[in-house]
Amino acid sequence: MNISQAGVNDENIREIYFAGGCFWGIEKLFQSIDGVLNAESGYANGKKDIVPNYEIVLRGDTGYRETVKVLYNEDKVSLEQLLIAFFYVIDPTVEKRQGNDIGDQYQTGIYFVDKNSEEIIIRFVEEEKKKYNKFVVEINPLSRFFLAEEY
(Lines give C-alpha, C1' and ligand atoms only; values in the text may rest on other atoms or scores of the structure.)
Protein backbone atom coordinates (compact mmCIF):
# COMPACT_ATOMS: atom_id res chain seq x y z
CA MET A 1 0.00 0.00 0.00
CA ASN A 2 1.23 3.49 -0.76
CA ILE A 3 1.25 5.20 2.62
CA SER A 4 0.37 8.61 1.20
CA GLN A 5 -2.72 7.01 -0.35
CA ALA A 6 -3.75 5.76 3.08
CA GLY A 7 -4.49 9.31 4.21
CA VAL A 8 -1.88 9.18 6.94
CA ASN A 9 0.22 12.12 8.02
CA ASP A 10 3.90 11.13 7.83
CA GLU A 11 4.41 12.54 11.34
CA ASN A 12 2.27 9.70 12.73
CA ILE A 13 4.09 6.87 10.95
CA ARG A 14 6.52 4.85 13.04
CA GLU A 15 8.59 1.77 12.30
CA ILE A 16 9.65 -1.14 14.45
CA TYR A 17 11.17 -4.55 13.69
CA PHE A 18 10.09 -7.87 15.22
CA ALA A 19 11.90 -11.22 14.99
CA GLY A 20 9.65 -13.99 16.20
CA GLY A 21 10.70 -17.19 14.50
CA CYS A 22 9.57 -17.76 10.93
CA PHE A 23 8.85 -14.34 9.49
CA TRP A 24 5.79 -15.39 7.47
CA GLY A 25 3.67 -15.94 10.59
CA ILE A 26 4.83 -12.72 12.25
CA GLU A 27 4.19 -10.79 9.03
CA LYS A 28 0.64 -12.18 8.84
CA LEU A 29 0.01 -11.28 12.49
CA PHE A 30 0.97 -7.64 12.03
CA GLN A 31 -0.83 -7.31 8.70
CA SER A 32 -4.03 -8.21 10.57
CA ILE A 33 -3.75 -5.36 13.09
CA ASP A 34 -5.72 -2.18 12.41
CA GLY A 35 -3.31 0.73 12.23
CA VAL A 36 -0.45 -1.29 10.74
CA LEU A 37 0.21 0.20 7.33
CA ASN A 38 2.72 -2.34 6.10
CA ALA A 39 4.53 -5.45 7.34
CA GLU A 40 7.40 -6.87 5.29
CA SER A 41 9.61 -9.87 5.92
CA GLY A 42 13.36 -9.61 5.80
CA TYR A 43 16.65 -10.20 7.57
CA ALA A 44 17.96 -7.96 10.35
CA ASN A 45 21.13 -7.20 12.27
CA GLY A 46 23.49 -9.73 10.75
CA LYS A 47 27.13 -9.67 11.68
CA LYS A 48 28.54 -10.33 8.26
CA ASP A 49 28.80 -7.67 5.63
CA ILE A 50 26.81 -9.64 3.08
CA VAL A 51 23.51 -9.30 1.33
CA PRO A 52 21.54 -12.15 2.87
CA ASN A 53 19.07 -14.49 1.27
CA TYR A 54 17.25 -17.50 2.68
CA GLU A 55 19.91 -20.05 1.71
CA ILE A 56 22.75 -17.98 3.19
CA VAL A 57 20.89 -17.23 6.43
CA LEU A 58 19.87 -20.89 6.77
CA ARG A 59 23.55 -21.82 7.23
CA GLY A 60 23.30 -20.27 10.70
CA ASP A 61 26.57 -18.34 10.72
CA THR A 62 25.47 -14.89 9.57
CA GLY A 63 23.79 -13.55 12.71
CA TYR A 64 20.80 -12.43 10.65
CA ARG A 65 17.35 -12.92 12.18
CA GLU A 66 14.16 -13.55 10.22
CA THR A 67 12.49 -10.22 10.99
CA VAL A 68 9.40 -8.24 10.04
CA LYS A 69 9.54 -4.50 9.41
CA VAL A 70 6.31 -2.94 10.69
CA LEU A 71 5.15 0.52 9.66
CA TYR A 72 2.26 1.71 11.77
CA ASN A 73 0.10 4.77 12.39
CA GLU A 74 0.56 5.60 16.06
CA ASP A 75 -2.78 7.43 16.05
CA LYS A 76 -4.50 4.06 15.45
CA VAL A 77 -2.27 1.56 17.23
CA SER A 78 0.36 2.08 19.90
CA LEU A 79 3.75 0.45 20.13
CA GLU A 80 2.57 -1.10 23.40
CA GLN A 81 -0.33 -2.77 21.57
CA LEU A 82 2.07 -4.16 18.97
CA LEU A 83 4.31 -5.46 21.76
CA ILE A 84 1.34 -7.18 23.42
CA ALA A 85 0.49 -8.92 20.13
CA PHE A 86 4.12 -9.96 19.63
CA PHE A 87 4.52 -11.44 23.11
CA TYR A 88 1.18 -13.22 22.75
CA VAL A 89 2.52 -15.35 19.87
CA ILE A 90 6.16 -15.98 20.84
CA ASP A 91 7.88 -17.95 23.58
CA PRO A 92 10.39 -15.49 25.08
CA THR A 93 12.13 -18.25 27.06
CA VAL A 94 13.69 -20.26 24.22
CA GLU A 95 16.86 -19.29 22.44
CA LYS A 96 17.26 -19.62 18.66
CA ARG A 97 13.96 -21.41 18.29
CA GLN A 98 10.22 -20.84 17.94
CA GLY A 99 7.95 -23.85 17.63
CA ASN A 100 9.41 -26.32 15.12
CA ASP A 101 11.76 -23.69 13.66
CA ILE A 102 15.25 -24.15 15.09
CA GLY A 103 18.35 -22.13 14.24
CA ASP A 104 20.18 -18.88 14.74
CA GLN A 105 17.87 -17.08 12.30
CA TYR A 106 14.84 -17.82 14.52
CA GLN A 107 16.10 -15.97 17.59
CA THR A 108 13.41 -13.63 18.90
CA GLY A 109 14.14 -9.94 18.99
CA ILE A 110 12.83 -6.41 18.84
CA TYR A 111 14.87 -3.86 16.92
CA PHE A 112 14.16 -0.15 17.22
CA VAL A 113 15.15 2.89 15.16
CA ASP A 114 14.54 5.76 17.57
CA LYS A 115 15.03 6.69 21.23
CA ASN A 116 11.32 7.00 22.01
CA SER A 117 10.64 3.45 20.79
CA GLU A 118 13.62 2.18 22.75
CA GLU A 119 12.27 3.69 25.97
CA ILE A 120 8.79 2.22 25.42
CA ILE A 121 10.23 -1.21 24.61
CA ILE A 122 12.58 -1.25 27.62
CA ARG A 123 9.77 -0.25 29.97
CA PHE A 124 7.42 -2.88 28.49
CA VAL A 125 10.05 -5.64 28.49
CA GLU A 126 11.02 -4.99 32.11
CA GLU A 127 7.43 -5.84 33.08
CA GLU A 128 7.28 -8.79 30.69
CA LYS A 129 10.48 -10.29 32.13
CA LYS A 130 8.79 -10.59 35.54
CA LYS A 131 6.53 -13.32 34.13
CA TYR A 132 9.39 -15.71 33.30
CA ASN A 133 12.40 -17.35 34.94
CA LYS A 134 14.33 -17.07 31.69
CA PHE A 135 13.98 -14.32 29.07
CA VAL A 136 16.06 -14.34 25.88
CA VAL A 137 14.41 -11.84 23.52
CA GLU A 138 17.04 -9.56 21.99
CA ILE A 139 16.40 -5.84 22.38
CA ASN A 140 18.74 -3.85 20.14
CA PRO A 141 18.88 -0.93 17.77
CA LEU A 142 18.41 -1.90 14.13
CA SER A 143 21.79 -1.99 12.41
CA ARG A 144 20.73 -3.28 9.00
CA PHE A 145 17.70 -4.77 7.27
CA PHE A 146 17.29 -6.49 3.92
CA LEU A 147 13.92 -7.46 2.45
CA ALA A 148 13.36 -11.17 1.97
CA GLU A 149 12.96 -12.73 -1.43
CA GLU A 150 9.47 -12.68 -2.96
CA TYR A 151 9.13 -16.45 -2.83
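Colleague: At roughly what angle do the axes of helix H3 and helix H4 cross?

Modeller: The axes of H3 (residues 79-89) and H4 (residues 115-129) cross at roughly 45° and come within 10 Å. Axes here are lines fitted to C-alpha atoms, for helices over the stretch in contact, with angles running from 0 to 180 degrees between N-to-C directions. Please note that this is a predicted model: local features need pLDDT of at least 70, side-chain atom pairs count only at pLDDT 80 or more, and totals for chains, interfaces and linings use all residues. Residues are numbered from 1 along each chain as its sequence is written, and side-chain values use heavy atoms, with hydrogens and water left out.

Colleague: Why quote both an angle and a distance?

Modeller: Because two packed helices are described by the angle between their axes and the distance between the axes.

Colleague: What is the orientation of H3 and H4 to each other, then?

Modeller: H3 and H4 are oblique to each other. Angles under 35 degrees count as roughly parallel, over 145 as roughly antiparallel, 65 to 115 as roughly perpendicular, and the rest as oblique.

Colleague: Is the crossing of H3 and H4 left-handed or right-handed?

Modeller: The H3 and H4 crossing is right-handed. A crossing is right-handed if the near helix is turned clockwise from the far one by less than a right angle, and left-handed if anticlockwise.

Colleague: Which residues in H3 and H4 meet?

Modeller: From H3, Leu79, Glu80, Leu83, Ile84 and Phe87 meet Ser117, Ile120, Ile121, Phe124, Val125 and Glu128 in H4. The residues of this contact of H3 with H4 comprise eight nonpolar, one polar and two charged. Ala, Val, Leu, Ile, Met, Phe, Trp, Tyr, Cys and Pro count as nonpolar, Asp, Glu, Lys and Arg as charged, and the others, Gly among them, as polar.

Colleague: Is Ser117 buried or exposed?

Modeller: Ser117 is buried, with a relative accessible area of 2%. Buried means under 20% relative accessible area, exposed over 50%, and partly exposed in between (1.4 Å probe, protein chains only). Leaving aside neighbours within four places in sequence, Ser117 is in contact with Leu79 and Phe112, where contact means heavy atoms within 4.5 Å.

Colleague: And what does Phe87 touch?

Modeller: Not counting residues up to four places away in sequence, Phe87 touches Pro92, Ile110, Phe124, Val125, Glu128, Phe135 and Val137. Phe87 lies in H3 and is buried at 6% relative accessibility.

Colleague: Which other residues in H3 are buried?

Modeller: Besides Phe87, the buried residues in H3 are Leu79, Leu82, Leu83, Ala85 and Phe86. The buried residues of H3 pack against strand E1 (13-19), helix H1 (23-31), strand E2 (36-44), strand E3 (65-73), strand E6 (109-112) and H4.

Colleague: H1 is on that list. At roughly what angle do the axes of H1 and H3 cross?

Modeller: The axes of H1 and H3 cross at roughly 140° and come within 11 Å. That makes H1 oblique to H3. The crossing of H1 and H3 is right-handed.

Colleague: Which residues in H1 and H3 meet?

Modeller: Ile26, Leu29 and Phe30 in H1 meet Leu82, Ala85, Phe86 and Val89 in H3. The residues of this contact of H1 with H3 are seven nonpolar, no polar and no charged.

Colleague: Where is Gly25 found?

Modeller: Gly25 is found in H1 and counts as partly exposed at 45% relative accessibility. The C-alpha atoms of Gly25 and Val89 are separated by 9.4 Å, and the two residues are 64 residues apart along the chain.

Note on methods
Helices (H or I, at least four residues) and strands (E, at least two) are DSSP runs, numbered from the N terminus.
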